[in-house]
Amino acid sequence: MAESIEVDNLVKTYRMGEVTVQALRGVSLTIPKGAFVAIMGPSGSGKSTFMNILGCLDKPTAGSYRLDGVEIGGLNRDELAEVRNKKIGFVFQNFNLLARTSALENVELPLLYNGRANRDGKERAMEALRSVGLEGREHHHPNQLSGGQQQRVAIARALINHPQIIMADEPTGALDSRTSVEIMGIFQRLNREQGISIILVTHEPDIACYADRVIVFKDGRVKSDRTTSAPRDARTELEEMPASEIGEEEAAA
Amino acid sequence: MNQIVPAVQIAFRALRVNKLRSGLTMLGIIIGVAAVIAMVAVGSGATARIQEQIQSIGSNMIMVIPGSITSSGIRLGAGNAVTLTQDDAKAIAAECPAVAAVAPVSRGGAQVVYGNNNWATSIQGTTPDYLAIRDNQIAEGQSFTQQDVESDAKVAVLGKTVVDNLFGGSDPIGQVIRVKNVPFTVVGTLAPKGQSPMGQDQDDVILLPISTAKKKVLGVNQANAASVGSILVQARDGSLMSQAEEQTRALLRQRHRLQPNQEDDFTVRNLEEVFSAQESSARVMSILLASIASVSLIVGGIGIMNIMLVSVTERTREIGLRQAVGAKTKDILTQFLVEAVTLSLVGGVIGIVLGGAASALISHFAQWNTLVSPTAILMAFAFSAVVGIFFGYYPARKAAFLDPIEALRYE
């Protein structure tokens, strides 16, 4: 497998008034295409900073980050926006959907910024919604959807431009356990069937177990980086779940 | 273009979400634009009215009056000399190429009697060309003719005020009135002209052939039997006014045998010059009114800026999200700029409509002509767009350069 993400001696420092905070103190690792990686660590460990840099939302202070062979540190604001638009899909803990805007239009949003909205935007958005199991709810507004459904809309939005990587920042943080398993199921399916790399930030070890590889951060450095021999499989778990344990998906349906 | 259409849609949606707030913000622009439109309409109405009055005096008209005379060291006022004659008038008509028509006028006041009614009015002895020069129309009957002037015919043309006062409702044509006890047959009436720019009633007048007027009514000046009170000269064209003035002056100096070192014994007045001063003062007035009104447009613009800043802060997370999914600096800038311009343009259009309505009301209740010109509408529209761009730019820029991480984290 080709290397998708190459990080070499990555350093990020913030100035907060007089104090300089070292969020990342030299991180080096590679993530191949089609990987499913969980990033863990206590708060302040630098995992969010690392995630922001991988997601091209932030630039490193020193060191190199190459995405698909392109050095991200050398790009300007608008070039970064273009990379995010084309290669990266974001899923957030609090969904970040536009209120008073239908699911369909939320999913179409990234198309607005690469001039594809007018052509086949509707069909592509419908297709993305279908792939996360939200067919028939395209005209619902976020406040008419359950948390799990909102997160599915967010995943559909992340998928619309056929990204290489999905960056998921605590995607199950606001969801109950069964819905969390469902969301992880979607990620596993996208990873296995479409070869999309998933990079998942979480502090729940249960959730990290769905990934093939778990990287733990501490004090701005990689503390451990291990491959999971037998990751949890969301689909089989869902099938085995007792009927009494009805998740909110069914309740809302 | 494919950037603008979705931006406008987003802008309208954002503005609909906060209807009351958008409405109040627009109110500033609405009031500003309406005030500008109404004030300009009032101003141009005044200008149009003055132009109308200038037209009513006569088109392209120059007035020649005799100069002053000095008698025993006492200088009498202009117009007292008896140096202008009917022959001068004929000579001007014949010899000045820039002149279209000439009418000598002798005027005075007289009591006019018809049946039981009498009325004191102004008598103008003149020639038929007078009507053309003063833009006077015959309402009924006809004018007297050049032949009437030559034969001292006792015929009269009456202004509307005189007709109303002497005849009430009955038909004056063919009736005989007495002017200073001399019977005159009414051959025609004048169409009403209303007030002169000086506020005189231009319809309170009787026109007589100049020959008859002098011999029978006004009396012949002992010093110069051929003298006239004034000569009205009409230039061939508005652009030939100063030429006609020059030619008239030169001819009269020559005819009056004035040496180069002597002053004119007559005065040539170009009335349009006098009234164009009035016109330009009306224009200055309307510019002044419009500039005062445009202050409220600027205040409205500040309102837009204020609300856009609030909107940017409120929607920080939305901006962060848009940036995360690939919105470039110019996308965010365009979105907020379009929103501000939409506010100001919608406000501008409503303001134009309101301003038009306001000026209609003003002209209805204040009896004052107003004129909503397309130029004013276009200017108001353009100005509100400029206000939107100017006051929307800073908030939009602020939004466009937010840090996406900070924006996404904003609570």
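User: What should I know about the model and its numbering?

Analyst: The model is predicted, with local features needing pLDDT of at least 70, side-chain atom pairs counting only at pLDDT 80 or more, and totals for chains, interfaces and linings using all residues. Residues are numbered from 1 along each chain as its sequence is written, while chains are lettered from A and ligands numbered from 1 in the order in which they are written.

User: How do the axes of H11 and H12 of chain B cross?

Analyst: Two packed helices are described by the angle between their axes and the distance between the axes. Here helix H11 (residues 329–365) of chain B and helix H12 (residues 374–400) of chain B have axes that come within 7 Å and cross at roughly 150°, where helices are DSSP runs (H or I) of at least four residues, numbered from the N terminus, and axes are lines fitted to C-alpha atoms over the stretch in contact, with angles running from 0 to 180 degrees between N-to-C directions. That makes H11(B) roughly antiparallel to H12(B) (angles over 145 degrees count as roughly antiparallel).

User: How many residues does each chain give to the contact between chain A and chain B?

Analyst: The contact takes 21 residues from chain A and 17 residues from chain B, two residues being in contact if their C-beta atoms, placed from the backbone, lie within 7 Å. On the side of chain B that touches chain A, the largest share, 5 residues, comes from H10(B).

User: Into which domains is chain B divided?

Analyst: Chain B is divided into domain 1 (4–53 + 277–409) and domain 2 (82–264), with bounds from an automatic or database domain assignment, and the C-alpha centres of these two domains of chain B lie 56 Å apart.

Technical notes: Helix = DSSP H or I, 4+ residues; strand = E, 2+ residues; numbered from the N terminus. Parallel < 35°, antiparallel > 145°, perpendicular 65-115°, else oblique.
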